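Here are a few notes to read alongside the model. Keep the 3D view open and find each piece as you go.

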Amino acid sequence: MATYSGNEQKFEDNNFNLNSKGYIQFNKNLVIDSRYKLEKEIILDDELGTTAKGRYGSVFRVKDLKDGQIKALKINRIPPEEEDAKRQAAKEELKSQQQNGSHNEEQQKQQQEMHNEYLRRRAKTVKERYRSSCKREIGVLKRVTRKNQNEEIPCLVLYDYGEYLGHTYMIFPIYDLPLQQHLSNAHKYQDEVQKSNKLERNPPNTAPNNALIHPDDLWAFLEQLVSALAYIHNVCNVMHLDFKPKNIMINRYSYDIIKYAKNLHLLKLKVNRITLIDFSVSAKAPKKANLDEVKYSGNFGTRRYRPPEMIYGGKWNRSVDTYGAALIILECIKLYPIIDTTYYKKKKILKYKKKLKRLQQQNVNNAHIQMKSKLNSTYKQLDIADVLYLIIQQIGFPNEPYWKSLSKMEKSLFPHIPTLEHIAKKGKKSKLFENDDDYAAQQQFITLHQVVLPNSTKNGTANGHHGKPLANGNHHHSNAQQNGHHEQNGHHEHNGHHEHGDENEHENHDEEEVEVEHGTENEQTAEEDDEDKEEEDKMAWHLFTEIEHGTENEQTAEEDDEDKEEEDKMAWHLFTEKLKSYKGTAWNLFRQYGTNLAQLSRLHVMEEALKEMVVWEPSKRITPEQVLKQYFPQNKTHENDIHFNHDVNDDND
């Protein structure tokens, strides 16, 4: 029998090998625990060759030699120290951003001391932490499986688990395809339809030349997701915390194309049964815990599906799952993420590099200033304000009671005026990356160091910090609306690359990372030149602050006044009525189905349900049970649900 020698890279089973990233390499001769024989890798995308790998491990199709059935095996990996160190640094960076909005230095110091003490007591090796994560996941899955043995609830069930050569494995049912790949397939077909019918005239009240997920499937997905949530929340006292299309499996995958009217093609699954999987970051609460209390903290899941309260570091409750489920249904209409952080991360880095290149080409006379081309961690991720900006833009502006309930620290993490005012504007007046740098400090840097900057400093940045709209702003989503790509036709500006973005990345439950390929850049337009020049003085200030690493001076009375002035800018009564009533662009997606089909499929009712699932205040979001009762009265699955009760052996879960 194969045994583990104690060295992570040396095993007595010659068929068991790891690659450079700690994943198990596929070998058709490998048999796990003398029972599960590897049959094949699970390929998510035949075109790209993407396999089923996540942050915590990889999944294979195996044959159970005991009963002869085909099952899925998930086996954990142990990543290299360098990769894990980067991930931990990203987590600490995000926590720092969420906490540094406070101006209470004493409070920050106490929090840091407590955190350091926690790290000292809880220091674990990479192997220990990943093994602990697997143990936690098994405990959650045992609880979720116990009352779902017949698999009537669309949640993953655990068949078996164990450890082989130092790696934890779990055995599950085998499913056909993740929902994410179905959306990718639909997007490809949509491109074909739009190209082939480009010159044809559209019938009245229908979406122009489009291919969409059938409304019946949308309703089926929503019902099954909220049914799964009602079960894990009320029966199991578990919060999933990682809702995304990759974690939803289509049980048996095949679909038909139904042509509605003339130019509207609908992709309808033959069997629209789905299953919620991947409980690797899920939280298992005590049986007496009230998951509706807004008292939980921490960052879980993929950032684009996190609710706003988790983004800015506030308290949250089980409604984070409800919020994520709503975003997935909207994504099924749009065919790519509603909060498109990946696109903007790439755009942000490219903009940074272009500014840096322009500054390096200028004749900077100060020899002691070194223009560093290396990106720091703050430019590898969207700022908290940027993500909140996208949420506001898509689902709407928060209401007055919620805004006034936010603390000064939480408000400081939101995009500031004039950026907030740009959210409700269109075209060139809308802007995403508008930093709230101190204009006076930038001017002082320019004066002291004689940095040559364009004349646009006077017109662009100065106005930007006195509450006036910036004329040269540019925004991806708003421009897309004008060009008829995003909300009308479902087109995307990634030229066919975005739909596989998630599959090419490792699963990232804390912070997503982005890799920018070094290729030739497209020719810069005059509008982009104006935008870049407008922000070069800001870029110079960013470089200066990266180079000069000195101690901060004590906060003066003048700085206190500036803080008070900044806080006043965020007062509710100063927001324009247009901004306060802004409803978000995501709800325009339903128009793609046309008036007739939308009425026939009751999509206005679905829109109403989703809006209740994504309200800003966590305690005000509709619960999964309420969704079932109000919108799916025929579903009686959870009528007799009782809260989870521990059995005799529960202490070991």
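**Notes on the strands and helices**

1. Helices (H or I, at least four residues) and strands (E, at least two) are DSSP runs, numbered from the N terminus, and two strands pair if DSSP finds at least two bridges between them.

2. A word on the source: this is a predicted model, where local features need pLDDT of at least 70, side-chain atom pairs count only at pLDDT 80 or more, and totals for chains, interfaces and linings use all residues. Residues are numbered from 1 along each chain as its sequence is written, and side-chain values use heavy atoms, leaving out hydrogens and water.

3. Back to β5: this strand and β6 (residues 70-76) run antiparallel, joined by seven bridges. Five residues sit between β5 and β6 in a hairpin, and Gly-68 in the turn has a positive phi of about 80°.

4. β5 (residues 57-64) also pairs with β2 (residues 36-41), in the antiparallel sense, over five bridges. Look for Tyr-36, which stands opposite Asp-64 in β5.

5. Now find the open sheet of three strands, in the order β10-β14-β13, with mixed pairing. Its edge strands, β10 (210-213) and β13 (255-260), each pair on one side only.

6. Within that sheet, six bridges link β13 and β14 (residues 264-269) in the antiparallel sense. Tyr-260 stands opposite Leu-264 in β14.

7. What packs on the sheet, touching β10, β13 and β14? That's helix α4 (residues 179-196), with contact meaning heavy atoms within 4.5 Å.

Key
Axes fitted to C-alpha atoms, helices over the stretch in contact; angles between N-to-C directions.
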